[in-house]
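Student: I have a model on the screen and a few questions about it. Can we go through them one by one?

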Amino acid sequence: MKKPVLALLSIILLTAGCSQRPAATTKIPLTSAHRGAATIAPENTMASVDSCIKYGVGNIECDVCISKDSVFYVLHDSTLDRTTNGTGAISQWLSADIDTLDAGSWFAPRFAGQRVLRLTDLLRKAKEHGLRITIDYRNGGLHQLLNLIKDEGMLENCNFTFSKEYHAKCFRKMAPEVRTLQAYIKSEKDIEHVVKELHPDIIGLSGLITPSLEEMVHVVGELKRAGLSIPVMIGGATTSRLHTALKIAPVYDGPVIWMKDASQNALTAARFLNPDTEGEAFRELREEQERLRESAGTRRVETVSIEEARQKKLNLF
């Protein structure tokens, strides 16, 4: 059984167990859609799901929250204001009223009439077309959510992510058969606790500011001292493939993978956690990082004297 996925320092989507993989003879990357095809259709609507199907995207991430009368909907925000013509918290609306809202016009006129998507409808559409769903839980009864997904026959094709450790633990007890479960952890001080309590299979570090880079090196060193060698994903605005290869990977025994796009986290995690693909994935990663280190070591940086630099200064006025 796959155990919970751990994320450190900042919230980052990390799931595993993706069922779709390209044939061994292809190099076509698998794709995952954040809130559906949110750049070409209104997020978290059936139109965005249909766009994923049209363009062959087999994995969809969505946020799930509940109405006043306990109907689960797919909506990122806790309020309806940004993506519909409704206002206020969705938890204060009855499902009969939510179903009348326009969730498409804000994106483009041609999407007028798109509705706030019920989770039931998404699950049925996903089952019909062989899609995999990552469910980011916001609120609502966990037992009700689990039973809904089971009733639709989609438990095997769902990943789950929780912003609170309490909810992740509760869900584990309810559904120990679930293979992909994620918990968010925001501080490296919690490493010992989460290692003992959650037994993670993969870790994600996200750095949004420059000091995060040095902190990542420290955290990875702490993970090694804690006896871990599980895969670590590196992401965030300040990170890079080269920095990961030069500074972070050398202080850790397991795979340290730089992620350019968070939408690919689930697919990369699946590859490094799948016994059939993890060996090849780690070998390719080591070879790539070794090439980067060798290239950086032979690179020459030419400098000039301060006098020459001053002569070549940029004159703006």
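**Questions on a predicted model**

Tutor: Arg35 counts as buried, at 16% relative accessibility. Keep in mind that this is a predicted model.

Student: Where is the place of Arg35?
Tutor: Strand 2 covers residues 33-34. Arg35 sits in the loop between strand 2 and helix 1.

Student: With which side chains does the side chain of Arg35 make a polar contact?
Tutor: Arg35 is in contact with Glu43, Asn44, Ser48, Glu61, Asp63, His76 and Arg82, leaving aside neighbours within four places in sequence. Two polar contacts of its side chain can be named. One goes to the side chain of Glu43, at 3.2 Å. Another goes to the side chain of His76, at 3.0 Å.

Student: Which residue in strand 3 does His34 stand opposite?
Tutor: Strand 2 and strand 3 run parallel and are joined by two bridges. In strand 3, the residue opposite His34 is Glu61.

Student: How many residues of strand 3 are buried?
Tutor: Side chains in a regular strand alternate between the two faces of the sheet. In strand 3, Asn59, Glu61, Asp63 and Cys65 point one way, and Ile60, Cys62, Val64 and Ile66 point the other way. Both sets are buried. Strand 3 is therefore largely enclosed by the rest of the structure, and its buried count is eight of eight.

Student: Why is Cys62 in no disulfide, and how far away is the nearest cysteine sulfur?
Tutor: A disulfide needs two cysteine sulfur atoms within 2.5 Å. Cys62 and Cys158 are each buried, with a relative accessible area of 1%. The closest cysteine sulfur to that of Cys158 is in Cys62, but the gap is too far for a bond.

Student: How many disulfides does the structure hold, then?
Tutor: A disulfide is a covalent bond between the sulfur atoms of two cysteines. For the whole structure, the count is zero.

Student: Is Tyr73 buried or exposed?
Tutor: Tyr73 lies in strand 4. Its contacts beyond four places in sequence include Asp63, Ile90, Ile98, Val116 and Leu119. A polar atom of its side chain lies 3.2 Å from the backbone oxygen of Ser95. At 0% relative accessibility, Tyr73 is buried.

Student: What distance separates the C-alpha atoms of Tyr73 and Thr120?
Tutor: Along the chain, these two are 47 residues apart. Thr120 is one of the buried residues of helix 3. Between the two C-alpha atoms, the separation is 8.2 Å.

Student: What arc do the buried residues of helix 3 cover around the axis?
Tutor: The buried residues in helix 3 are Leu119, Thr120, Leu122, Leu123 and Ala126. They are on the same side of helix 3, because the arc they cover is only 160°.

Note on methods:
Residues are numbered from 1 along each chain as its sequence is written. This is a predicted model: local features need pLDDT of at least 70, side-chain atom pairs count only at pLDDT 80 or more; totals for chains, interfaces and linings use all residues. Side-chain values use heavy atoms; hydrogens and water are left out. Buried means under 20% relative accessible area, exposed over 50%, partly exposed in between (1.4 Å probe, protein chains only). Helices (H or I, at least four residues) and strands (E, at least two) are DSSP runs, numbered from the N terminus. The arc is that of the directions from the helix axis to the C-beta atoms. Contact means heavy atoms within 4.5 Å. A polar contact is a pair of N or O atoms within 3.5 Å; within protein, one must be able to donate a hydrogen and the other to accept it, and residues adjacent in sequence count only if both atoms are side-chain atoms. Two strands pair if DSSP finds at least two bridges between them.
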